[in-house]
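This note concerns the aromatic residues of the structure shown below.

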Amino acid sequence: MVVHATWDDVPHLSPAQKDEMWASYPEHEREARAKGVPMLGSGRVFPVAEADIKTDPIAIPRHWARINGIDFGIDHPFAAAGLAHDRDADCIYVTHALRIKGQTPPVHASAIKAWGDWVPCAWPHDGLIRDKGSGEQLAGLYRSEGLAMLEERATHEEGGHGVEAGIMDMLDRMRTGRLKVFSTLGEWFEEFRMYHRKDGLIVKERDDLMSATRYGVMMMRFARVKQSTPMRLAPRLGTGYR
């Protein structure tokens, strides 16, 4: 078992000493030195300091739009990320995170509905795969459990669902202060630290929450503000909820 320790786990270092050591290291080494973040493969997918995206939890204002991203976890853990969009500042906040292995759609759906059963859920192309037992599409299984699943799989606004385009969108937001993550989401930050490339390609291991977040960001155009009237399905293919 590997245990990652940060400077915060070293009681003999004072804040002043930490600041001095931080300043003495090259920028690209600071996360590895201070946070125990390994320098894996050919580089981290998100070469951004945690401090730049981490924020204390706040009450989500009612006028902020919300959406969830889901990664089904067919051969890996199921994951979901709850996102809130401050449209005035064009800043996305990751407010909730869920990663579960070995559970069923009713368990997953129950946990996500606790974040707000009206919040639309974005999902990837493997939601079109049919369950071996029921023959129903995975997305349909979760819809039948009461999740507000969008009608169509996650795509970029201009079309397609390329991973790299989604990664670049998230990275640009991180670097410009327009993607923040609640500091309480420990599992999210664990994945963030380990998310890396090898030979230029993203390593698809322990990336469940990163993927769920990416799907939510991709479909942010369908995020909703809570209304007093029930939402309805869009009449046209691919338009999600209105």
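**Aromatic contacts**

1. In this predicted model, the count of aromatic pairs comes to eight, where two rings pair if their centres lie within 6.5 Å.

2. One of these pairs is formed by Phe 72 and Tyr 142; the pair is tilted, with 5.3 Å from centre to centre and 50° between the planes. Phe 72 belongs to the loop between β3 (65-71) and β4 (78-86), whereas Tyr 142 belongs to helix α5 (residues 138-144), so the contact ties together parts that are 70 residues apart in sequence. Phe 72 and Tyr 142 are both buried.

3. Are Phe 78 and Tyr 142 buried or exposed? Buried means under 20% relative accessible area. Phe 78 has a relative accessibility of 1% and therefore counts as buried. Tyr 142 has a relative accessible area of 3%, so Tyr 142 is buried too.

4. Which residues do ring pairs link into a cluster? The cluster consists of Phe 46, Trp 188, Phe 189, Phe 192 and Tyr 195.

5. The charged end of Arg 44 sits over the ring of Phe 192, at 5.1 Å from its centre. Lys 54 lies over the face of Phe 189, 4.6 Å from the ring centre.

How values were computed:
Residues are numbered from 1 along each chain as its sequence is written. This is a predicted model: local features need pLDDT of at least 70, side-chain atom pairs count only at pLDDT 80 or more; totals for chains, interfaces and linings use all residues. Side-chain values use heavy atoms; hydrogens and water are left out. Rings of Phe, Tyr and Trp (its six-membered ring) pair if their centres lie within 6.5 Å; planes under 30 degrees apart count as stacked, over 60 as edge-to-face and the rest as tilted. Helices (H or I, at least four residues) and strands (E, at least two) are DSSP runs, numbered from the N terminus. Buried means under 20% relative accessible area, exposed over 50%, partly exposed in between (1.4 Å probe, protein chains only). A charge sits over a ring if NZ of Lys or CZ of Arg is within 6 Å of the ring centre and within 35 degrees of the ring normal.
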